[in-house]
Amino acid sequence: MSWSAVLEAYARKPHPERDLPEGVWLCNDERTLTIFDGYEKAKFHFLVMPRDPFPLEKGGTVPSSSLHSLSSLLKSPHKLEVLKALERQAAEVKEMIEDEMMKREGWTWDVRIGFHANESMRHVHLHVISSDMLSPKLKNKKHWNSFHPELGFFLHLSDVIAGVEDGSFSLQPKDDYESILKLPLQSFYDGRTYANLPKLKDHLLDEFKKRGKAEKARIEAAKENEDANENEKGTKREADTQEGATQLQNDGESPLKKPKVDA
Ligand code: AMP
């Protein structure tokens, strides 16, 4: 099988929870499948795709040819039903990611949900990716620009759905998107351009640490404030016990902990 057909093969598995290679499957329902991106470009990076066959609410299924790519999906009369199913699943995955962020890092940061305008892999797939972009697998300008949230190659799902609903969305010529991938390395934090990837990565790590520190201090202050208010009322907080219970759950195995397997 060609490497570019791997996602399509996964989407066609009748029992993805047991049929996918180890370390690939995250979750699925009747209509969608979510996998770990094999070459994650951030701390959390997943791909949500429609399963094939994709059952329609009014009966029947979406033709496989409509699931080939975003462009083929957008030509289908069933596009909104598929996009909304992906949206629902992506929202659940985002929640899982945020839970895991709290457990691992003690704060949450943005999670982006969108398509690449020009895909490299066959079969429609939505990226659900944390905004840190801290990953050794982010190796070149193309990787960076393809996930930059403002350059236009990364198509936010909310924009695609809104544009499909009001008829304003259409894909541009492929070459226009390709030229975005060659743009200089510009930070989405401060808009500055960086001479090379190591310099950009230093900046990303600095920003991540800085923002994490500020957000954790904010959470801590809010918690202290809340505790003080409750003490003032003279009520003994039951949350102490609840917190213990949460801690116990948090120590359990996480579904987002990727087993060590080469993709
Ligand atoms: P796109 O540019 O939208 O087609 O992105 C394809 C995504 O698939 C990239 O983020 C890759 O890291 C990911 N990918 C490539 N090969 C595999 C694989 N065998 N298993 C899981 N993810 C993969």
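In β5, which residue is the bridge partner of Gly114? The partner is His127. This is a predicted model, in which local features need pLDDT of at least 70, side-chain atom pairs count only at pLDDT 80 or more, and totals for chains, interfaces and linings use all residues. Residues are numbered from 1 along each chain as its sequence is written, and side-chain values use heavy atoms, with hydrogens and water left out.

Start with the strands. Helices (H or I, at least four residues) and strands (E, at least two) are DSSP runs, numbered from the N terminus. Strand β4 covers residues 111-116. β4 pairs with β5 in the antiparallel sense, over 4 bridges; two strands pair if DSSP finds at least two bridges between them. β3 and β5 also run antiparallel, joined by 4 bridges. Here His45 has Ile129 of β5 as its bridge partner.

Now look at β5 itself, residues 126-130. 5 of its 5 residues are buried, so the strand is largely enclosed by the rest of the structure. Buried means under 20% relative accessible area, exposed over 50%, and partly exposed in between (1.4 Å probe, protein chains only). In a regular strand the side chains alternate between the two faces of the sheet. Both faces of β5 are covered. Leu126, Val128 and Ser130 are buried on one side. His127 and Ile129 are buried on the other.

An N or O atom in the His127 side chain is 2.8 Å from an oxygen atom of the ligand. That is a polar contact: a pair of N or O atoms within 3.5 Å (within protein, one must be able to donate a hydrogen and the other to accept it, and residues adjacent in sequence count only if both atoms are side-chain atoms). A polar side-chain atom of Lys41 lies 3.4 Å from a ligand oxygen atom. Gly38 uses its backbone: an N or O atom there lies 2.9 Å from a nitrogen atom of the ligand. Taken alone the ligand exposes 510 Å², and the protein buries 87% of that (Shrake-Rupley method, 1.4 Å probe).

The shell around the ligand has 15 residues, counted when a heavy atom lies within 4 Å. Asp37, His116, Ser120, His125 and His127 come nearest. β2 (32-36) and β3 (45-50) each supply at least two shell residues.

Finally, turn to helix α7, residues 174-180, which holds Lys174. Lys174 has 53% relative accessibility and counts as exposed. From Lys174 to Ala214 is 40 residues in sequence and 41 Å in space, C-alpha to C-alpha.
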